[in-house]
Amino acid sequence: MIHKKTQLPLIALVFFLFVLCTIFINERRFQEIHRKGDDAGTRNNVKKTFSFTPTSSSLNHSVVLDRFSTCKSTVKYRGKKAEWDLHLLPSHKQEEKKEDSCNVFSGRWVFDNASYPLYNESDCPYMSDQLACLKHGRPDSGYQYWRWQPHGCNLKRWNASEIWEKLRGKRLMFVGDSLNRGQWISMLCLLQSVIPAEKRSITPNAPLTIFRAEEYNATIEFQWAPLVVESNSDDPVNHRLDERIMRPDSVLRHASEWKHADILIFNSYLWWRQGPVKLLWSKEENGVCEEAQGLEAMELAMDAWANWVDSNIDPSKQKAFFVTMSPTHLWSREWEAGTEGNCYNQKSLIEDERYWGSGSDLETMRMVENVVSKVKSKVSVINITQLSEYRKDGHPSIYRKFWEVRTDEQLANPTSYSDCIHWCLPGVPDVWNELLFHYLL
């Protein structure tokens, strides 16, 4: 009996080669997409997300800073500065004209319980327990009803649908610390109500948290970057460290996302007020850090940020904003002589238009103004400081979630653990966002 030779081994070989080629082609395509992430289609499709894994070649050093990073030794800061080539360009004329016609940052607070708040705390699914003051027992709600009234003009009435049209097809990104995160949450609360629940989504807590509105093909994002430059505090959850280390000449880890955004809102201040910072330069190979004071370190970080802005921001395609320092209200003697309290139980505003508290450092303000002036053709300043100074009533104080258990001694003295740094929502950060859209609409 003659047996025919089977063709199965040959067919199996051909099928195997076909699968191998398919995998190879798809892998090549995947790499091409990431290599050309900033080419055609990127800016028009915000649903694409971009990841960046720093390497020794991209950051000019072999070790990426994280919360486990340490200095092998530390010396005093010797005054070294990175050599940035900033181009001093004339101011953007359109923005100058708007500021000349009306200084929206100079004005007064007007009680307006007919128009404010612009949303209810309980109606915002993205509200943070750190900012939800009514939920955590605040007995008064008057802090929600104040409207900012510039001298000589009016801010445009908030219209969520109009603003979404302005954001259609765009990425709006907040970059900074917990205060900037509060402004981001305020923005979500201000805008989310006009988006059907099934057409909006948000990523979990991550270095880049993204809220998506499908029907507008738009995102509102927050990037945790408390020192702006790369640091060992860049983990959005585990960032409370005894030793703060930063690379004063590197923003690449964060900036890999900035370049894809259409609108950028930067803020940095609070973290520079917490004592010395250790500097680890990118070309330092022996792990030797320099210890600098907060203001010195912040100026280095701001210079690195300004260099990136100068080299990368095209005002015809991107808009960038820098939000000035958010004031604190830690010492009631500054607005009421002879008292020893803070923001706890404060229900009224400061009426002196010249008031300036110690929580807003003038030297830091001047330094920031000097750095930003070098790139003022590419960055607009949202000056929230003076108008927020008047709002000693707007902080959570004890009416927020605290992750640490309070002692009986603390509970007996509420001023000892009051949060006089962050802001209740609805509240003051909503006005910061109104001012932001004064420049965008």
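Trainee: Are Trp305 and Phe322 buried or exposed?

Mentor: Trp305 is buried, and Phe322 is buried too. Buried means under 20% relative accessible area, exposed means over 50%, and partly exposed lies in between (1.4 Å probe, protein chains only). This is a predicted model: local features need pLDDT of at least 70, side-chain atom pairs count only at pLDDT 80 or more, and totals for chains, interfaces and linings use all residues. Residues are numbered from 1 along each chain as its sequence is written, and side-chain values use heavy atoms, with hydrogens and water left out.

Trainee: Why is the pair of Trp305 and Phe322 called tilted?

Mentor: Rings of Phe, Tyr and Trp (its six-membered ring) pair if their centres lie within 6.5 Å; planes under 30 degrees apart count as stacked, over 60 as edge-to-face, the rest as tilted. Here the centres are 5.4 Å apart and the planes stand at 55°, so the pair is tilted.

Trainee: What parts does the pair of Trp305 and Phe322 tie together?

Mentor: Trp305 lies in helix 7 (residues 294–312) and Phe322 in strand 12 (residues 319–323), so the linked parts are 17 residues apart in sequence. Helices (H or I, at least four residues) and strands (E, at least two) are DSSP runs, numbered from the N terminus. Ring pairs also join Trp305 and Phe322 with Trp258, Phe266 and Trp308 in a cluster.

Trainee: How many aromatic pairs does a search of the whole structure find?

Mentor: The search finds 17. Take Trp164 and Tyr216: their ring centres are 5.5 Å apart with planes at 20°, so this pair is stacked. Trp164 sits in helix 4 (residues 160–167), and Tyr216 in the loop between strand 6 (208–213) and strand 7 (218–224), 52 residues apart.

Trainee: What makes Trp164 count as buried?

Mentor: Its relative accessibility is 0%, so Trp164 counts as buried. Tyr216 has a relative accessible area of 9%, so it is buried as well.

Trainee: Why is Glu214 called partly exposed?

Mentor: Its relative accessible area is 44%, so Glu214 falls in the partly exposed class. Glu214 is in the loop between strand 6 and strand 7.

Trainee: Where does the charged end of Arg400 sit?

Mentor: It sits over the ring of Phe402, 4.5 Å from its centre. The rule: NZ of Lys or CZ of Arg within 6 Å of the ring centre and within 35 degrees of the ring normal. Lys80 lies over the face of Trp281, 4.4 Å from the ring centre.
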